[in-house]
Amino acid sequence: MKHRIIEGRLEYTSRKPEMEGQNRGFETFMFTHHSDGKVTMRAHCEIYEPEPTVMRDIIYAMDENRQPMDLHVRLTVGDEFMGSGWMLFDGEQIEMQSYGPSIGRLSQKVSAELPLDGFGTHPIVSDGFMLSTKDWDETDKRLLNCYLPSPDHRGATPPQIAQVKIGAVYIGKEEITVPAGTFQCKHLQFVDDSSIVPGTGGMAGEHPPYDVWITDDEDGIFVQGGVGGYMMTWYELVELKR
């Protein structure tokens, strides 16, 4: 086979005082780097806390320029089927076909605002990979323009097209050790902050600052990170095969 595969697992823990260090979920992932430069990402995510629980399965394809091609998502919330959807970007428009008990069969098509930085798919590894596709320097901060199947902070709503603009700031390079090993990393932060570009909106409700460390290489693998504010979550790479 001509493709290259990366596989791994992230553990989700809590940093809330009453739950410090307790497991609150996990994520397994696989990146397929094809010989023509395209990338396919697969991820399975389970969130146990807070209730209701969330289970998400994602298949996300990007072209050789890291522009989104298509995305499939299937979502279970509280161990009940929430919805399934498929998004397509043709370079100009975003189309979505979805189904869920609360929305029925839904067909959507919108003109994409360009440039487009990617589909926001909600798996943690996808957040890191999106950041890795950008060039950063010591003072860089920018606004990312994304389309998501859910604007909810946990992605726990039936699949429908939602546009989100969120800031990203480059902090610097650091060496990070996690259970999966020691890595040279870039440290970045997502900020739902209109100071990046005044007058822009973020996700459904202000998203707390979200620190991300990714491998300082072409793979852009999420190594560790966490969300502050009311969420107080932490994510760590515990297994990696590449």
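I began with the charges over rings, and I noted that R142 lies over the face of W136, at 4.3 Å from the ring centre (a charge sits over a ring if NZ of Lys or CZ of Arg is within 6 Å of the ring centre and within 35 degrees of the ring normal). I found R15 over the face of W234, at 3.8 Å from the ring centre.

I wrote down that this is a predicted model, where local features need pLDDT of at least 70 and side-chain atom pairs count only at pLDDT 80 or more, while totals for chains, interfaces and linings use all residues. Residues are numbered from 1 along each chain as its sequence is written, and side-chain values use heavy atoms, with hydrogens and water left out.

Next I looked up aromatic pairs, and the search of the whole structure gave nine (rings of Phe, Tyr and Trp, the last by its six-membered ring, pair if their centres lie within 6.5 Å; planes under 30 degrees apart count as stacked, over 60 as edge-to-face and the rest as tilted). I recorded both F31 and F129 as buried (under 20% relative accessible area, with exposed over 50% and partly exposed in between, for a 1.4 Å probe and protein chains only).

For F81 and Y99 I noted ring centres 6.3 Å apart and planes at 20°, so the pair is stacked. F81 counts as partly exposed at 29% relative accessibility, and Y99 is partly exposed with a relative accessible area of 43%.

Last, I noted that Y12, F222 and Y235 form one aromatic cluster.
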